[in-house]
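Come along and follow the entries with the model beside you.

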Amino acid sequence: MITKRFWHRIGTISLLVAALAATAAAQRNNRNWDGYPNWGGSFDLRQTALNAGFNEGSKEGRNDRSSNRNRNYDEFSSYRDATKDYNSRLGSRDLYRRYFQVAFEHGYDAENPNGYNNNDNRDRGRNRDYDRDRDRDRDRNRDRDRDRNDNRRGRNWDRYGRYGGSSELRQTALNAGYNAGIKEARDDRRRNRHRSYSDFSEYRNATTDYSSKLGDRELYRRYYREGFENGYDDGWNGY
């Protein structure tokens, strides 16, 4: 009789554990992505990419936090590839990668908030606001039918983000990034091809013209990439 009760309890506990695991999995797969950018594509493409990217970023962030180490996003092959769980039936591979990478960044930062990617001590809410603002600006710049000239930043550095650091660091990084981005975009436009920013080693490295005398290297890379993105968009749009 005792044995039966024992095994009954074991069975009940097992069912409870399985139910909790299923609930946790369902919560992971049904996150609220409303606060993330929407660049188009199918619902399944966006949902799959954001979910896969966030899960992968969270995993890497937890590992780094437990190992007391900090890394940049582009040090992870999963971030550079950004194709985990991708299927051609979902649609554009490049679009999938964009969603994947922005979710990866948020997932990593959530688990490892003191990493290099947050070294300016901004809280996660402000980082997300920055991403949303940058994405809105990027989308407007890409839309040829909606006041392109009004939304274009070009080389007007006053219209770019300010995340700290010296004026020389910011200006050097934005200028170097913009020059590299517009050069690559003009070349791609001539060849009738369009690539993701992370396809370019210059964008991944983001250290062209950097010198330690300028200041923080990771801050430089952040400005550089913003300049590159806008330079590429301008070059692709024929500026």
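**Entry 1: a buried arginine**

I began with Arg46, which is buried because its relative accessible area is 12%, under the 20% cut-off. I kept in mind that this is a predicted model.

Next I looked up where Arg46 sits, and found it in helix α2, which covers residues 43-66. Which residues does Arg46 touch, not counting those up to four places away in sequence? My list reads Trp33, Tyr36, Pro37, Asn38 and Tyr99. I also checked Arg46 against Leu90: they are 44 residues apart along the chain, and their C-alpha atoms are separated by 8.8 Å.

**Entry 2: rings**

I then searched the whole structure for aromatic pairs and noted 18. Ring pairs join Tyr73, Phe76, Tyr79, Tyr86, Tyr96, Phe100, Phe104 and Tyr108 into a cluster.

The charged end of Arg222 sits over the ring of Tyr163, 4.2 Å from its centre. For Arg225, the ring under the charged end belongs to Tyr203, with 5.6 Å to its centre.

**Entry 3: two helices**

The crossing of α7 past α9 is right-handed. Sorted by class, their contact has 15 nonpolar, 7 polar and 6 charged residues.

Note on methods. Residues are numbered from 1 along each chain as its sequence is written. This is a predicted model: local features need pLDDT of at least 70, side-chain atom pairs count only at pLDDT 80 or more; totals for chains, interfaces and linings use all residues. Side-chain values use heavy atoms; hydrogens and water are left out. Rings of Phe, Tyr and Trp (its six-membered ring) pair if their centres lie within 6.5 Å; planes under 30 degrees apart count as stacked, over 60 as edge-to-face and the rest as tilted. A charge sits over a ring if NZ of Lys or CZ of Arg is within 6 Å of the ring centre and within 35 degrees of the ring normal. A crossing is left-handed if the near helix is turned anticlockwise from the far one by less than a right angle, and right-handed if clockwise. Helices (H or I, at least four residues) and strands (E, at least two) are DSSP runs, numbered from the N terminus. Ala, Val, Leu, Ile, Met, Phe, Trp, Tyr, Cys and Pro count as nonpolar, Asp, Glu, Lys and Arg as charged, and the others, Gly among them, as polar. Buried means under 20% relative accessible area, exposed over 50%, partly exposed in between (1.4 Å probe, protein chains only). Contact means heavy atoms within 4.5 Å.
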